[in-house]
Amino acid sequence: IHISTHQRDGLATLEVTDTGVGIPEEHLPHIFERFYRADASRSNGSRGNGLGLAISKAIIDAHSGVISAHNHDGGGTTFVFTLQALKV
C-alpha cells in the first residue's frame with residue numbers, strides 16, 4: 001500500500017492506495033454500509049463483519065469529513081478522506 005497526506009485550503013487529506021484487484025464497480029456505492037461484504041464467497045468462515053469501512057465513515061462523518069473510494073484502470077483502489085485541518 002501507499003499512504004500519502006497533504007494539507008491545502010484548510011483541509012487535511014489522507015490517501016491510502018493499494019495495488020490489488022480493486023473493488024467491483026457495482027459494489028463501490030455500498031462499501032461504506034454496515035455489514036456490506038462485496039465478496040459473498042468470503043462471508044462464510046472468514047473473519048470480519050463488514051463493519052470496518054462503516055465505522056471509518058461514521059468517525060469521519062462525526063468530524064464533518066468526507067471519505068470516498070475509487071478504482072484505478074490498472075488495478076488497485078484508493079481510499080481518500082478529508083477533514084478540516086487543525087490550527088496549532
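I began with burial: of the 88 residues in the protein chain, 23% are buried. I note that the model is a predicted one.

Next I looked up the surface. The protein chain exposes about 6500 Å², and 55% of that area comes from carbon and sulfur atoms.

I then listed the secondary structure. The protein chain has four strands and one helix. Along the sequence I read the order as β-β-α-β-β.

I turned to charged pairs. Side chains of opposite charge can pair when their charged atoms come close. I searched the whole structure for salt bridges and found one. Which residue forms a salt bridge with Lys57? The partner is Asp61, and the closest N and O atoms of the pair are 2.8 Å apart. The pair counts as a salt bridge because the cut-off between the side-chain nitrogen and the carboxyl oxygen is 4 Å.

I checked where the pair sits. Lys57 and Asp61 both belong to helix α1, which covers residues 52-62. They are four residues apart, about one turn of the helix.

Last, I looked up the exposure of both partners. Asp61 has a relative accessible area of 38%, and Lys57 has one of 29%.

Conventions
Residues numbered from 1 in each chain as written. Predicted model: local features only at pLDDT ≥ 70, side-chain atom pairs only at ≥ 80, totals over all residues. Heavy atoms only, no water. Helix = DSSP H or I, 4+ residues; strand = E, 2+ residues; numbered from the N terminus. Buried < 20%, exposed > 50% of the residue type's maximum accessible area, 1.4 Å probe, protein only. Areas by Shrake-Rupley, 256 points an atom, 1.4 Å probe, with all protein chains shown as cover.
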